[in-house]
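Please look over the sequence and the structure shown here before reading on.

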Amino acid sequence: MMLTLTDVYKSRCDNEAAIILRQDPVVYQGWKEVGPADLSQHQLARYAQKGFIVLKQLFSPEEVGRMLREVERLAHDPKLEGYDEVIAEPGGGEVRSVFMVHRLSPVLDRLARDIRLVNIARQILGSEVYIHQSRANRKPGFKGKEFYWHSDFETWHVEDGMPRMRAVSCSILLTDNDEHNGPLMIIPGSHMHYIRCVGETPGEHYKYSLRKQEYGVPDEASLRFLVDRGGIESMKAPAGSVVFFDCNAMHGSNSNITPRPRSNLFFVYNSVENTLGAPLHGLAPRPEFVATRSDFSPIEPVTPETVKSSA
Ligand code: 6CS
Ligand code: FE
C-alpha cells in the first residue's frame, strides 16, 4: 500500500485560497547552551505568542556603521554588476536587494555567525542552525519600493521544498526604521495560520518575485482575517536593533518616499533538522543565492571581542 503523506502546507495548487491552522511548534524546546544575548523564558513566550521580538540596539553604532558600509560596498561593486544576486528596484536604477551577502563578504559572514544571533536562533529552533538565505534590503530614499504582504514560509515551502515551519528570520536595522521610511510591518499572531495561495508558480519565478511578488500572494479576505485578529505592528526601532520573526509571520513594508534610507540586513536561520527537499509541483530548485542547498552543516558561531568584554 502506498503511503502518501498529505502536505499540510501545500499552496498554489488551484484557485482555492484557504486558511490552515499551523501544525508546528513556534519555539522548539531542547537548546540548553547559554549565550551572551539569550532570550529569557518570558521573551520566548512573547515570541511564541506574537511571532516576533524586537531587541533594541543589540549592536553598537560602530558595528552598525561597519555593516552599512559593507552593504553599500557590495551594492555598488562593479564586479557584481549584472549578477543575479543584485536585484534592482522595479523600473531599474537603484539596487533593491543584494542576496547571499554572507558569502560575498567576510565581514557579513562573521556577522551571520555572531553568537548573539546564532544562539537566539538555536533557542527558538531547538537545534543547531545553518543559513538558508541572507540578503540586504536597501529600500533607498525616494526610490525604495514596497514588499507586499507575504509569508516567507509559503514561498520557501513551495519553491524551495522547506518541509516544516522551523526557520527564523533575523533582521538587523542598519538605519533608523521609523513610521515614515517603510519599516517592516508584521501582523501579530499571523504565524499561527497558514494562508494557502492561489495560482500556478511560473518557471524561474524568483527572477520576478524578488522585485515584485505576484504569486504566493495571500488573498485579501485572508489578510483581513489576520489583521482583524492581530492588528498590524511596525518594527520601528533605532539602527542596531534586531527583529527576529517566525518564517510564517505575515509581513510586508511600504514604499519609502522619504529622503532617509531604510536599510536592513536579513539572515534566515533554518534548523539542521529542516533541510530543503524537492520544491512542490515539480518546480526546479531555485539557485543557491536564494536558497542554500550545497551545505547544511551547522554554523560555527564566533564571539566578537566586544561581546567577550561585555559578556
Ligand atoms: O523568495 C524569497 O525567498 C524572498 N522573497 C520575499 C518577499 N521575502 C523572503 C525572501 O527574501
Ligand atoms: Fe519576506
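What follows goes from the sheet to the cores and then to the ligand.

This is a predicted model, in which local features need pLDDT of at least 70 and side-chain atom pairs count only at pLDDT 80 or more, while totals for chains, interfaces and linings use all residues. Residues are numbered from 1 along each chain as its sequence is written, chains are lettered from A and ligands numbered from 1 in the order in which they are written, and side-chain values use heavy atoms, with hydrogens and water left out.

**The sheet**

Four strands form an open, antiparallel sheet in the order β6-β12-β8-β10, where strands are DSSP runs (E, at least two residues) numbered from the N terminus and two strands pair if DSSP finds at least two bridges between them. The edge strands, each pairing on one side only, are β6 and β10 (233-234). Strand β12 (residues 250-253) is joined in the antiparallel sense over 3 bridges to β6 (residues 147-151), and likewise over 3 bridges to β8 (residues 184-186). Histidine 251 in β12 is the bridge partner of histidine 150, whereas serine 253 in β12 stands opposite leucine 184.

In a regular strand the side chains alternate between the two faces of the sheet. In β12, Met250 and Gly252 lie on one side and His251 and Ser253 on the other, and all are buried, that is, under 20% relative accessible area with a 1.4 Å probe, counting protein chains only.

**The cores**

A nonpolar core is a set of buried Ala, Val, Leu, Ile, Met, Phe, Trp, Tyr and Cys residues joined through side-chain atoms within 4.5 Å. The largest has 41 residues, of which Leu117, Ile172, Phe244, Leu265, Phe267 and Tyr269 touch the most other members. Helix α5 (residues 115-125) gives the most to this core, with 6 residues; helices are DSSP runs of H or I with at least four residues. A second, separate core of 13 residues includes Tyr130, Met162, Ala167 and Val268.

**The ligand**

The residues around ligand 1, with a heavy atom within 4 Å of it, include Phe99, Gln133, Trp156 and Leu210. The table gives polar contacts, meaning pairs of N or O atoms within 3.5 Å.

| Residue (side-chain atom) | Ligand 1 atom | Distance |
|---|---|---|
| Histidine 150 (N or O) | nitrogen | 3.2 Å |
| Aspartate 152 (polar) | nitrogen | 3.0 Å |
| Arginine 286 (polar) | oxygen | 2.9 Å |

Taken alone, ligand 1 exposes 300 Å², of which the protein buries 94%, with accessible areas from the Shrake-Rupley method and a 1.4 Å probe.

Conventions. Buried means under 20% relative accessible area, exposed over 50%, partly exposed in between (1.4 Å probe, protein chains only). A polar contact is a pair of N or O atoms within 3.5 Å; within protein, one must be able to donate a hydrogen and the other to accept it, and residues adjacent in sequence count only if both atoms are side-chain atoms.
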